[in-house]
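Student: Please take a close look at the aromatic rings in this model. Which rings pair up, and what surrounds them?

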Amino acid sequence: MARHAPVAAVPLLDIGRWLEARKVAVAIAWGLLDVEAALRGWDGPLLFACHNSERSFTRRTAKAARHRAFRVVAVSKAALRTMRRVPEEKRRVVHNGLDPARVAPARPREVVREELGVRPGVFLWGACLRMSPEKRPDAMIRAAADLGPGFRLVLCGDGPRRARYERLNASLGSPAIMLPHSFEVGSLLGALDCFCGLWDGEGFWYAGMEAALAGVPLACVTAGLLEEIRADRAGTPWDWGPFDNAEYHCGPLWQVILPNGSSEEETVADAVWAVRQDRETALAKAAALRSVAAEYTVERMVAGWEDLIWESLP
């Protein structure tokens with residue numbers, strides 16, 4: 001299978017005519033609010049994908065596509081929440097696929113940490129994320145300031161509000177290292193002691209699952225694919241369950257961040273601190289989660305989409 005396909009930039013309202021002119025048999029789309037207008041002139045089967053579980057925009061696009069689409073496809077069972085108004089017979093789940101080669105470190109851990117200016121013995125935690133409010137980089141930066149000199153945060157990513165978060169970071173004494181999205185993902189994951197995620201609207205949480213595949217302990221809300229993993233594996237030896245009124249608790253395979261009445265940054269800081277305090281358990285849980293993440297392969301994703309394409313053909 002070719003790794004690259006031809007790309008064409010087509011005006012939104014010309015997509016249907018473009019598909020018809022090329023006799024396209026099946027189309028896959030996402031993020032279209034006016035599906036009927038975009039596909040006017042083409043009446044082939046549409047597979048419409050939903051990539052997160054809570055954003056109102058995704059719910060609106062799923063609603064808009066429910067009549068026109070042959071199937072509406074979620075990237076996890078959590079993302080099915082966006083399909084409340086989609087007939088059940090049209091719903092499908094095809095999980096995203098993880099590529100082990102992408103998360104393999106290109107350089108030794110010590111070299112990357114030295115390049116980042118992280119002293120030996122410092123606990124390095126972080127995230128690869130879009131710099132936008134729902135991802136909560138501001139809470140991570142404030143948590144890093146609360147944690148103090150034995151910890152260091154690294155945030156890798158870009159977005160329209162990156163400059164605002166850079167100013168916040170500078171105002172707090174620069175507790176976070178701010179990297180561009182182009183930094184080597186595998187090398188960064190290899191340098192981390194903990195990976196953090198705070199948005200409960202994730203559909204798959206690709207960045208977090210890449211960290212899991214790399215064997216990095218997670219401190220995060222239970223969202224995206226993690227919701228599915230927890231539900232599917234309840235009752236396993238790692239499912240220790242929540243502790244009532246606790247600030248954080250041990251989830252099945254990750255350190256779960258829960259609201260507890262404290263500020264968000266304090267809750268995050270407590271969870272990251274817990275990962276460092278019980279490093280042996282955190283690494284054991286990360287190793288177990290890594291084996292689960294390895295089940296979600298690119299080949300499995302491709303097979304799922306191929307099945308849907310064949311199913312949609314007359």
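**Aromatic pairs and charges over rings**

Tutor: This is a predicted model. Start with Phe 204, which has a relative accessibility of 2%. The cut-off for buried is under 20%, so Phe 204 counts as buried.

Now the overall tally. Rings pair if their centres lie within 6.5 Å. By that rule there are five aromatic pairs. One of them joins Phe 195 and Trp 205. Phe 195 belongs to strand 8, residues 194-197. Trp 205 sits in the loop between strand 8 and helix 9 (206-213). The pair therefore ties together parts that are 10 residues apart in sequence. Phe 195 is buried, and so is Trp 205.

Next, the pair of Phe 204 and Tyr 206. Here the ring centres lie 6.0 Å apart. The planes stand at 35 degrees, so this pair is tilted. Stacked would need under 30 degrees, and edge-to-face over 60. Phe 204 is the buried residue already described. Tyr 206 is partly exposed, at 31% relative accessible area.

Elsewhere, Phe 123, Phe 151 and Trp 273 make up one aromatic cluster. Phe 151 also has a charged neighbour: Arg 276 lies over the face of its ring, 4.9 Å from the centre. A further charge over a ring involves Arg 71 and Phe 70. The charged end of Arg 71 sits over the Phe 70 ring, 4.1 Å from its centre.

Methods
Residues are numbered from 1 along each chain as its sequence is written. This is a predicted model: local features need pLDDT of at least 70, side-chain atom pairs count only at pLDDT 80 or more; totals for chains, interfaces and linings use all residues. Side-chain values use heavy atoms; hydrogens and water are left out. Helices (H or I, at least four residues) and strands (E, at least two) are DSSP runs, numbered from the N terminus. Buried means under 20% relative accessible area, exposed over 50%, partly exposed in between (1.4 Å probe, protein chains only). A charge sits over a ring if NZ of Lys or CZ of Arg is within 6 Å of the ring centre and within 35 degrees of the ring normal.
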